[in-house]
Amino acid sequence: MLKPRFGVRWKSQIHYTDISQIPEFSKYSPTKSISELAPYISTTLCAYPEKSKYVNQQHYYQNKNILEGYYLTKQPNPVSLTQLAQYYDDSTTLTRHKIINSGRFVKEELAIRIAHKIHLLQTLPFNVVNNFHFGQVYESYYNIFDRFRRYPAIRTLEDNQKFADFLRHILSDFNSLNLPHLIMGALECRILELYPQDRMDEVISSLLRARISRRLIVEEHLSITSNFLSGKKKNTLVLGDIFQECSACDYLMGAKKMCENFIKDMYFDGIPLPKFTVDGNKDLKFYFLPPHLKYLLGETLRNSYEATMKEYIRKGLSEPSPITVTIVSNEQSFLFRISDRAGGIPHDDKTIWSFGKSKELARQSLDNFHKLPGLQTVSLYDYMYENATCGPPNQPYKFTSLEPISDTNLPRGISKFDKPLLGLLERSSRYKLGIGLAMCKVYAEYWNGDLTVHSIQGYGTDTVLKLGNLMYHTHKLQLDKV
Ligand SMILES: Nc1ncnc2c1ncn2[C@@H]1O[C@H](COP(=O)(O)OP(=O)(O)OP(=O)(O)O)[C@@H](O)[C@H]1O
Ligand SMILES: [Mg+2]
């Protein structure tokens with residue numbers, strides 16, 4: 001047997017001190033033995049999430065060949081509202097051919113659009129996408145991408161009918177949890193300082209804009225499909241049933257009522273309420289998406305009501321100060337100026353428009369998210385593997401803003417478009433999430449408008465919501481906000 005010469009050591013005997021050694025876990029828990037701790041530690045040492053269907057050993061190759069090799073080479077089609085309604089021919093008559101073509105377009109377009117968003121997530125630093133919440137969004141997007149790309153070709157009306165059912169299912173299932181996951185991910189990244197906040201806000205806004213477009217494309221197809229099947233061969237408005245003529249005053253009154261109920265719920269039933277006046281073009285009627293209008297007016301008015309009541313109590317005033325909404329319109333846009341005398345906004349401009357806020361506010365918002373009932377138990381993996389056909393397990397967000405609302409809960413006359421948004425609006429005062437203004441800005445800008453606040457410290461705030469006239473912009477490539 002060879003013996004090492006004096007002074008020479010075999011390779012295996014050399015101790016490489018600069019290579020990480022497995023830590024001595026037992027020193028962290030003197031009361032528990034390593035064998036007791038092992039089951040908890042082993043999952044955290046895995047290279048891939050334990051039950052993930054997508055992020056696994058094959059993911060890289062699949063991603064390279066299918067997503068990068070094909071879908072990312074195609075650009076999403078920027079679509080105008082008119083094109084969406086008419087599917088590239090000039091008539092508003094619905095035909096069998098048009099419905100089938102529309103189905104084909106939706107299938108291909110959605111796969112391309114979601115592929116680009118998956119790619120956006122992939123370009124974020126590892127620490128960011130590896131965040132639990134972003135991870136959930138990533139899996140969910142990949143799942144949707146996979147389902148669209150694998151969906152069989154649509155050739156007949158029957159195929160399209162099945163595709164419509166598939167679309168309805170996708171709209172209502174777990175991807176409605178993506179919104180809270182995105183925001184919680186942004187808040188956690190803010191707290192841990194993983195990514196510059198302005199860039200994170202841009203990522204979130206871009207994902208939200210794309211989400212609006214995707215849902216719009218899907219809803220439009222569902223709408224024209226059901227119109228055609230029910231014998232309605234004419235697409236009467238610019239778009240199926242999604243856009244409706246909305247009376248500005250009615251919507252404001254609806255928002256006022258919601259805010260009053262919210263304040264009563266926050267304090268007590270008989271509390272004095274602010275005097276509410278509508279001024280300006282009170283007869284204004286315009287085409288818009290009812291849920292979006294309801295959400296935008298509801299959120300902005302709610303801020304004024306909340307601040308007014310706080311000021312009333314803080315200062316011990318004899319009555320709450322009034323809130324006035326002035327409606328102004330011209331051919332191109334509609335403007336709602338919500339004026340209150342609640343002392344102004346106590347935060348700087350950078351903070352109020354950000355999804356991450358300041359570090360301190362991010363902590364508070366995240367705390368509130370964590371208080372949402374059922375949240376701790378929600379994992380996309382559980383849902384995908386154990387309960388793939390109905391809602392997520394344990395009914396997350398039950399009784400909160402984020403509970404996905406069912407069709408039966410929808411107020412009459414409200415289109416089914418973007419239900420999670422309406423759910424968000426109906427949240428209890430206990431769950432203050434700090435995202436109202438940031439969200440509204442994304443939606444207002446999407447519809448060629450804007451949201452600004454003019455705050456005078458010690459006096460009050462004018463919140464100005466501007467919305468583009470959709471009938472004026474019908475030929476604009478609206479759905480380019482992919
Ligand atoms: N009209 C207003 N008067 C005074 N302060 C306001 C007004 N509007 C907004 N703010 C301030 O701006 C902050 C951010 O508003 P935002 O709507 O984005 O979130 P939030 O109201 O805190 O939470 P959420 O709307 O998610 O429940 C509020 O907390 C409030 O301090
Ligand atoms: Mg708010």
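Good morning. Ala, Val, Leu, Ile, Met, Phe, Trp, Tyr, Cys and Pro count here as nonpolar, Asp, Glu, Lys and Arg as charged, and the others, Gly among them, as polar. By that division, the shell around ligand 1 holds seven nonpolar, seven polar and five charged residues.

Before I continue, a word on the source. This is a predicted model, in which local features need pLDDT of at least 70 and side-chain atom pairs count only at pLDDT 80 or more, while totals for chains, interfaces and linings use all residues. Residues are numbered from 1 along each chain as its sequence is written, chains are lettered from A and ligands numbered from 1 in the order in which they are written, and side-chain values use heavy atoms, with hydrogens and water left out.

Let me stay with the ligand. Which residues come nearest to ligand 1? Of the 19 residues around ligand 1, they are Asn-303, Asp-340, Lys-432, Gly-434 and Leu-437; a residue belongs to this surrounding set if one of its heavy atoms lies within 4 Å of the molecule. Lys-432 places a polar side-chain atom 2.7 Å from an oxygen atom of ligand 1. Gly-434 uses a backbone N or O atom, 2.8 Å from an oxygen atom of the ligand, and a polar backbone atom of Leu-437 lies 2.9 Å from a ligand oxygen atom. Taken alone, ligand 1 exposes 590 Å², of which the protein buries 89%; these areas come from the Shrake-Rupley method with a 1.4 Å probe, and for residues only the protein chains shown count as cover.

Two elements give two or more residues to this shell: helix H11 (290-315) and helix H16 (436-446). Helices (H or I, at least four residues) and strands (E, at least two) are DSSP runs, numbered from the N terminus. H11 gives the most, with four residues.

I turn now to the aromatic rings. The structure holds 18 aromatic pairs. Rings of Phe, Tyr and Trp (its six-membered ring) pair if their centres lie within 6.5 Å; planes under 30 degrees apart count as stacked, over 60 as edge-to-face and the rest as tilted. Phe-148 and Phe-166 make an edge-to-face pair, 5.3 Å centre to centre with 75 degrees between the planes. Phe-148 belongs to helix H6 (residues 132-150) and Phe-166 to helix H7 (residues 157-172), so the pair ties together parts that are 18 residues apart in sequence. Both residues, Phe-148 and Phe-166, are buried, where buried means under 20% relative accessible area, exposed over 50% and partly exposed in between (1.4 Å probe, protein chains only).

There is also one aromatic cluster, formed by Tyr-54, Tyr-70, Tyr-71, Tyr-138, Tyr-142 and Phe-145.

Rings also meet charges. A charge sits over a ring if NZ of Lys or CZ of Arg is within 6 Å of the ring centre and within 35 degrees of the ring normal. Arg-302 lies over the face of Phe-262, 3.8 Å from the ring centre, and the charged end of Lys-441 sits over the ring of Trp-353, 4.3 Å from its centre.

Finally, helix H6 also holds Arg-147. Arg-147 is partly exposed, at 21% relative accessible area, and its side chain makes a polar contact of 2.6 Å with that of Asn-143. Thank you.

Technical notes. Polar contact = N/O pair within 3.5 Å; in protein donor to acceptor, adjacent residues only side chain to side chain.
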